[in-house]
Amino acid sequence: MVARIREWASERVPLRLSLIDYIQEPVPDHMNKFWYAMGATPLILFLLLATTGILMTFYYVPTPEGAYESVRNITYGVYLGWFIRGVHKISVNLMIFTLLLHMIRVFVTRGYRRPGEFKWLIGAVIFLTTLALAFTGYSLPYDQVSYWGSVVVTNMMGQLPVIGKSLLLLLRGGEEVTEVTLLRLYDMHTKLLPLVILGLIAAHILIVRIVGFAKVEGSGGEHPFYPDHVFKTAAIAIGLLIIVVNLAAIFPPMIGQPANPQEVPNNVAPPWYFAAIYKWITIVPREAGLFGVLLFFALFLIYPFLDSLFTERGARMGRVNIVVGTGAVAAFAGLTLLQVMG
Ligand code: HEM
């Protein structure tokens, strides 16, 4: 009976056949190591973010009067609201952390090298869009920390040379942080940026599949994408879920005092993923500091093309990347610690 139903169904919707045939491809054996197969991790966390985010939009009110109250209600009133909000907050921090690890992996192994430069370029734009998604979300609870956090970060953006002014007006919807700013950040956070990231992730994975994985010395054999790699990714997803659920239970979300534009709290600080940039522009003379930030991100975006340029001139980029990568990670960690330790 079941076999007859399956036969009837697969004759009319041959999903099983076409789907596996479509995703099937030989995967190099080095992808058996988690270090090489981390790319799926930020994707799984993004899906967790989208699911918990949609659930919270059923209660969130994007107005200065309603925002704080609705997040307080989600945290202390709505059944399992604290858990949904907790999973959301943990997932965004873990997504940025796993993105950094994924980038370090592809940087150290030069997984972007010719003809894979666009894998990196699209990836780099995903990273910047994820930071924008995190910042817009950070501003929505409208308590003192998130309100002044959004003032500090939009201020920082506003001082960037060339693009600063328009970026500030785009984010604030005017010169000051007002109810328009909150509505704009809410629309970016719940509509524009998630759609942009979904499109970019699809383009990123598609180009990795079309161009193929960068060769890794000593990795000879291959294994099928389905079932090996698919089941491995499923195991990673379950592992991540257990970590996120436990962290949400151990560090349940809180909410501080309601936002008060007249009272600047003494502990104003940007979220950890902006701490290094914030510290950098507070210790280096302003113009030089801001120009340094823009230069860093410009080099970050085009790095694979610089790699091809120097490789053609005989540079040993594998070694260069170890030095550059270690320097960048050390600078990021050092500045972040300096900022967080205060
Ligand atoms: C949500 C964000 C991202 C997702 C879902 C994602 C997903 C993936 C996946 C599934 C792969 C296949 C190999 C692997 O698992 O490592 C991959 C490879 C790659 N990714 Fe990402 N990635 C993301 C962000 C980034 C970022 C931010 C960068 C760099 C700035 C980047 C650069 C690359 C490169 C260069 C490769 C090719 C590696 C190779 O061929 O060995 N990705 N990505």
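Mentor: Buried means under 20% relative accessible area. Keep that cut-off in mind, and remember that this is a predicted model. Both His102 and His204 are buried.

Trainee: What do His102 and His204 coordinate?

Mentor: The iron atom of the ligand. Each histidine uses its NE2 atom, at 2.0 to 2.1 Å. Donors must lie within 2.8 Å of the metal, so both count.

Trainee: What makes the arrangement around the iron atom octahedral?

Mentor: Start with the donor atoms: there are 6. Six count as octahedral if opposite donors are over 155 degrees apart and all others between 65 and 115. The angles here run from 89 to 180°, which makes the arrangement octahedral.

Trainee: Why does the pair tie together parts that are apart in sequence?

Mentor: His102 lies in helix 5 (residues 81-108), and His204 lies in helix 9 (residues 179-211), so the pair ties together parts that are 102 residues apart in sequence.

Trainee: Which residues is Phe274 in contact with, leaving aside its neighbours within four places in sequence?

Mentor: Leu131, Phe135, Val153 and Met156. Take Leu131: it is 143 residues from Phe274 along the chain, yet their C-alpha atoms are separated by 8.5 Å.

Trainee: Now the rings. How many aromatic pairs are there?

Mentor: The count comes to 19. One of them joins Trp82 and Phe83.

Trainee: What makes the pair of Trp82 and Phe83 edge-to-face?

Mentor: The centres are 5.7 Å apart, and the planes are at 75°. Pairing needs centres within 6.5 Å, and edge-to-face needs planes over 60 degrees apart. Both conditions hold, so the pair is edge-to-face.

Trainee: How do you know that Trp82 is partly exposed?

Mentor: Its relative accessibility is 31%. Partly exposed runs between the buried limit of 20% and the exposed limit of 50%. Phe83, at 23%, is partly exposed too.

Trainee: Why is the pair of Phe107 and Tyr112 called tilted?

Mentor: The planes are 45° apart, with 6.4 Å centre to centre. Under 30 degrees would be stacked and over 60 edge-to-face, so this pair is tilted. Phe107 and Tyr112 are both buried. They belong to one aromatic cluster, with Trp120 and Phe127 also among its members.

Trainee: What makes Arg209 sit over the ring of Phe225?

Mentor: The charged end of Arg209 is 5.4 Å from the ring centre.

How values were computed: Residues are numbered from 1 along each chain as its sequence is written. This is a predicted model: local features need pLDDT of at least 70, side-chain atom pairs count only at pLDDT 80 or more; totals for chains, interfaces and linings use all residues. Side-chain values use heavy atoms; hydrogens and water are left out. Contact means heavy atoms within 4.5 Å. Donors are N, O and S atoms within 2.8 Å of the metal (3.2 Å for Na, K and Ca); water is not among the atoms, so sites may look incomplete. Four donors count as tetrahedral if all angles lie between 85 and 135 degrees; four count as square planar and six as octahedral if opposite donors are over 155 degrees apart and all others between 65 and 115; anything else is irregular. Helices (H or I, at least four residues) and strands (E, at least two) are DSSP runs, numbered from the N terminus. Buried means under 20% relative accessible area, exposed over 50%, partly exposed in between (1.4 Å probe, protein chains only). Rings of Phe, Tyr and Trp (its six-membered ring) pair if their centres lie within 6.5 Å; planes under 30 degrees apart count as stacked, over 60 as edge-to-face and the rest as tilted. A charge sits over a ring if NZ of Lys or CZ of Arg is within 6 Å of the ring centre and within 35 degrees of the ring normal.
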